[in-house]
Amino acid sequence: MSRDETNKFGLFSWEFVRRHGLHLFGTTSTWFLLDIAFYSQNLFQNDVFSAIGWIPAAKTMNAVQEVYKIARAQTLIAQLSTVPGYWFTVGFIDVVGRFTIQLIDIHRIPDSQKKYFC
């Protein structure tokens, strides 16, 4: 078994950066922006849920009531969208294909959030 001598470079070498740096930067920056968009939703969910009438205004509840009602709304969203989406993907990943499932998911994202993903 022969080894390819052109691949003898360290993980933290300039040769690694030259060969893989652009792809690594693109991947990490995309995931970073996705994390900002996804996890920042938790900061504003109480305002959104109050605006659409799912929970009362924050000044009418104490902290424990507010946390409970926000958790209940998040659970409802997960049970109606996230969990069925996962099971759909598990069942149809080999039939429909990964790329098509990604396209379906992108089209399901509300227009207000597409700026983060597209």
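Biologist: Which side chain of opposite charge is nearest to glutamate 66, and how far away is it?
Modeller: That's lysine 69, 11 Å away. Glutamate 66 is buried, yet it has no salt bridge. Keep in mind that this is a predicted model.

Biologist: Where does glutamate 66 sit?
Modeller: In helix α3, which covers residues 63-96.

Biologist: And what does glutamate 66 touch?
Modeller: Leaving out residues up to four places away in sequence, glutamate 66 touches Asn46, Ala58 and Met61.

Biologist: Okay, on to the helices. How do α2 and α3 pack?
Modeller: At an angle of about 95°, and their axes are 11 Å apart. Angles of 65 to 115 degrees count as roughly perpendicular, so that's what α2 and α3 are to each other.

Biologist: Which residues meet there?
Modeller: From α2 you get Asn42, Gln45, Asn46 and Phe49. On the α3 side there are Glu66, Ile70, Ala73, Gln74 and Ile77.

Biologist: New topic: what about α1 and α2, parallel or perpendicular?
Modeller: Helix α1 is residues 14-39 and α2 is residues 41-51, and they pack at about 25° with axes 6 Å apart. Under 35 degrees counts as roughly parallel, so α1 and α2 are roughly parallel to each other.

Biologist: Who makes that contact?
Modeller: Ala37, Phe38 and Tyr39 of α1, plus Gln41, Asn42 and Leu43 of α2. By class, the contact of α1 with α2 has four nonpolar and two polar residues, with no charged ones.

Definitions and conventions. Residues are numbered from 1 along each chain as its sequence is written. This is a predicted model: local features need pLDDT of at least 70, side-chain atom pairs count only at pLDDT 80 or more; totals for chains, interfaces and linings use all residues. Side-chain values use heavy atoms; hydrogens and water are left out. Axes are lines fitted to C-alpha atoms, for helices over the stretch in contact, and angles run from 0 to 180 degrees between N-to-C directions. Helices (H or I, at least four residues) and strands (E, at least two) are DSSP runs, numbered from the N terminus. Angles under 35 degrees count as roughly parallel, over 145 as roughly antiparallel, 65 to 115 as roughly perpendicular and the rest as oblique. Contact means heavy atoms within 4.5 Å. Ala, Val, Leu, Ile, Met, Phe, Trp, Tyr, Cys and Pro count as nonpolar, Asp, Glu, Lys and Arg as charged, and the others, Gly among them, as polar. Buried means under 20% relative accessible area, exposed over 50%, partly exposed in between (1.4 Å probe, protein chains only). Lys and Arg count as positive and Asp and Glu as negative; His and the chain ends are not counted. A salt bridge is a side-chain nitrogen of Lys or Arg within 4 Å of a carboxyl oxygen of Asp or Glu.
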